[in-house]
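Hi there,

Here is the structure I promised to pass along.

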Amino acid sequence: MTEFTKTLCPYCGVGCGLEVSPPAQPGKATNRDSEGTPTWRVRGDKAHPSSQGMVCVKGATIAESLDKNRLHYPMLRDSLDQEFRRITWDEAFEQITNQIQKVRCTQGPEAICMYGSGQFQTEDYYTAQKLLKGCLGTNNFDANSRLCMSSAVSGYIQSFGADGPPCCYEDLELTDCAFLIGTNTAECHPIVFNRLAKYHKKHRHVKMIVVDPRRTPTAEVADLHLAIRPGTDIDLLNGIAHLLMRWNHIDVGFIDDCTSNFPAYAEVIRHYSPDIVAQRCGIKVEDLETAARYWGESQRVLSLWSMGVNQSSEGTAKVRTIINLHLMTGQVGKPGAGPFSLTGQPNAMGGREAGGLSHLLPGYRSVKNPAHRAEVEAFWGLSSGQISPDPGMTVWEMMMALEAGNVGLLWIAATNPAVSLPDLERTKKALRRSPFTIYQDAYYPTETAAFAHLLLPAAQWGEKTGVMTNSERRVTLCSAFRQPPREAKADWEIFAEVGRRLGFADKFTFASSAEVYGEFVQLTRHRPCDMSGISHQRLATGATQWPCPGVGNDSSSSKRLYTNLRFHTPDGRARFGAYHSRGLAEPPDPDYPFVLTNGRLYGHWHTLTRTGRIDKIRQMHPEPFIEIHPRDAAKLGITDQSWVEVRSRRGKAQFPAKVTKAIAPGTVFVPMHWGTLWAKDAEANALTHPESCPDSLQPELKACAVQLGLVSQTARVNNYQLQSSQW
């Protein structure tokens, strides 16, 4: 029998279980990459309850990226115009500690910033929080989850009193009506979509509504597709609520017993009559009524959303307005029903649990809460007042602080902000101003490495053991099945060693990631995300969901939250949020008449750092493009494969056109994956703006105003092949 190691796919938040086995012996059949080299064999784990043995193309090919263009040794340079030189780890740690001490003495701890990643395991996240927020006294730790899930976090907290998706994947196969808004689930969370689509096809009474300006593969299988104008989500949701109220499809008993602030919400929704909503959204009144009827006549309604809702200047308001529909109809806390955010990254949930955003502390605590700070200080053995009461900088605020000269050290780990942040030209100028940037990653080169002074080689998927939490709160142990290459180290080990060398040796006595996790879960005891009954040892027998209080194997986990209809608010009631629609932060105008939106493709992941190195996926999606409706294309003389220049108030890019009725008129779409290493002038975020939700501080990456123009043959850019000289 071949020995398989159980682990988790490191791409999206679905959290698919994988089994990995070594390459076969010479002469035996095995997986091979494009160069004929045997690779580790990967298959779906049939015993994992989230994915049930299913795996998408990204998970199936993940092992092919393990040895491609890895960073093997610490590298240093004194300035950005110099070449890197190899150094030892001792020299690297000396550089880090000297720079941190220098900044602490000259500028204070608030000039130290770290930007982390949903690619971290929970142990990585937790160790970084203890180092920065605890020992160094700065809350300036943010993660790329700020660009991903922070609006969902804010919405859950404001409506329910605590973060945490209340649903589970079993609900996909129990619902009567699935309401998908701002999510191209078929491409971005394919295994979740496969489960839902199979169930929907088998049970024809089950309705599926998809809200998206594009006719995506998700929308193709829907009973009703609402191609609303970008920025009109709240209009639509309030319009559905208006009809539910008019038709008396509300749960008065639930509203009275379990919620607060309904009168204010009722006053808002009365202004959203069908005629007004249909006109604002660009849909038919009949389709709006159908959506409301599907929702109102269903016993179990499940809503699913992702970046199309979260990445908005009114992201928190959108999330709460989705939750409002569940509250007014009593569709929460029961099988097949509830508001279910689809997490973008594999361990963005674990980051939230460990306090991995600038306003959070471990165990779903807030830095603003004096009791929360005191609890963590006592647990970490810190003096009272060591943890700052002020939220740290978000990643965009870090960029602004770099512009102003207020950052002395920037530490970036496992993420690629030189592609993923908004307003990229401004971002890159800010990164160039950093006095000292540490960049910790598994791969080299990346776009962000160009702005680093010190490179640290990190272990990646399969090379370190740790824990990740997926969208349904299921915690999985990701076991290492190979050694890190050359001198690469696990992220938590790097953070812990820096802590020891800074004089906090008693805080970082961990001998293994299991010890790190064992300490972390104690900080979740009696918290909404209680995982005190979970350990590496327990997870070795299978993944489990939180809350999971208790000790050892006697503790039990919960599939769903709020089944007792009591919430984490002071009075135990869920809160309605009353919001009028404000629309886009940057609406189209005569000079910039189109709305640009962006998103992922099925095979690629974020900034191509991993998938761009896998031949099969590159062949699936060889180059970026721009989708444009035939009506808009005809007005501009654009035909299929014409080269189009897209300009916003911040930057420009060029793409070959894909003329299609799958995009709504007035809206254009580009994929967000390609940075300067993979294509020339094709960065989606060269166009986007940094305006953000006032509550979640999540940027509105999903929409900006642009103008389009044909590119002449002589001005055309056509450079979508990786240049060997760059490597």
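Which residues does Tyr-602 touch, not counting residues up to four places away in sequence? They are Cys-56, Val-57, Lys-58, Ala-186, Glu-187, Pro-190, Met-620 and His-621, where contact means heavy atoms within 4.5 Å.

Before I go on, a word on the ground rules. This is a predicted model, so local features need pLDDT of at least 70 and side-chain atom pairs count only at pLDDT 80 or more, while totals for chains, interfaces and linings use all residues. Residues are numbered from 1 along each chain as its sequence is written, and side-chain values use heavy atoms, with hydrogens and water left out.

Back to Tyr-602. You will find it in the loop between strand S23 (594–599) and helix H23 (615–620); helices (H or I, at least four residues) and strands (E, at least two) are DSSP runs, numbered from the N terminus. With a relative accessible area of 26%, Tyr-602 is partly exposed (buried means under 20%, exposed over 50%, partly exposed in between, with a 1.4 Å probe and protein chains only). Its C-alpha atom is 9.0 Å from that of Met-620, which is 18 residues apart from it along the chain.

Next, the cavities. The count comes to two of 30 Å³ or more. On a 1 Å grid over the protein atoms alone, a cavity is a set of points where a 1.4 Å probe fits but cannot get out, and lining residues have an atom within 4 Å of a point. Grid points are joined across faces, edges and corners, and the volume is the space filled by probe spheres set on the points. The second largest cavity holds about 90 Å³, and its lining includes Cys-9, Cys-12, Cys-16, Cys-56, Lys-58 and Pro-190. Helix H1 (57–61) and helix H6 (190–202) are the elements that give two or more residues to that lining.

Helix H8 (residues 233–246) passes a simple length check: at 1.5 Å a residue its 14 residues should span 20 Å, and its end C-alpha atoms are 20 Å apart, which agrees (the expected span is 1.5 Å times one less than the number of residues). H8 is mostly covered, with 12 of its 14 residues buried, among them Asp-233, Asp-235 and His-242. After H8 comes Asn-248, with a positive phi near 65 degrees.

What is the nearest side chain of opposite charge to the buried Asp-423? It is Arg-426, 4.5 Å away, and Asp-423 has no salt bridge (a side-chain nitrogen of Lys or Arg within 4 Å of a carboxyl oxygen of Asp or Glu). For charge, Lys and Arg count as positive and Asp and Glu as negative, with His and the chain ends not counted. Asp-423 sits in the loop between helix H18 (417–420) and helix H19 (424–432). Beyond its neighbours within four places in sequence, its contacts are Trp-396, Arg-650, Asn-685, Thr-688 and Pro-690.

Finally, some backbone points. Most residues other than glycine have a negative phi, and most peptide bonds are trans. Here, a cis peptide bond joins Tyr-444 and Pro-445, with omega about 0 degrees, and another cis bond joins Trp-546 and Pro-547, with omega about 5 degrees. Asn-261 has a positive phi near 75 degrees and, at 38% relative accessibility, counts as partly exposed. His-526 also has a positive phi, of about 65 degrees, and is exposed at 71% relative accessible area.

Best wishes

Definitions and conventions
1 Å grid on protein atoms, 1.4 Å probe; cavity = no way out; pocket = protein on both sides within 12 Å on 5 of 7 lines; lining within 4 Å.
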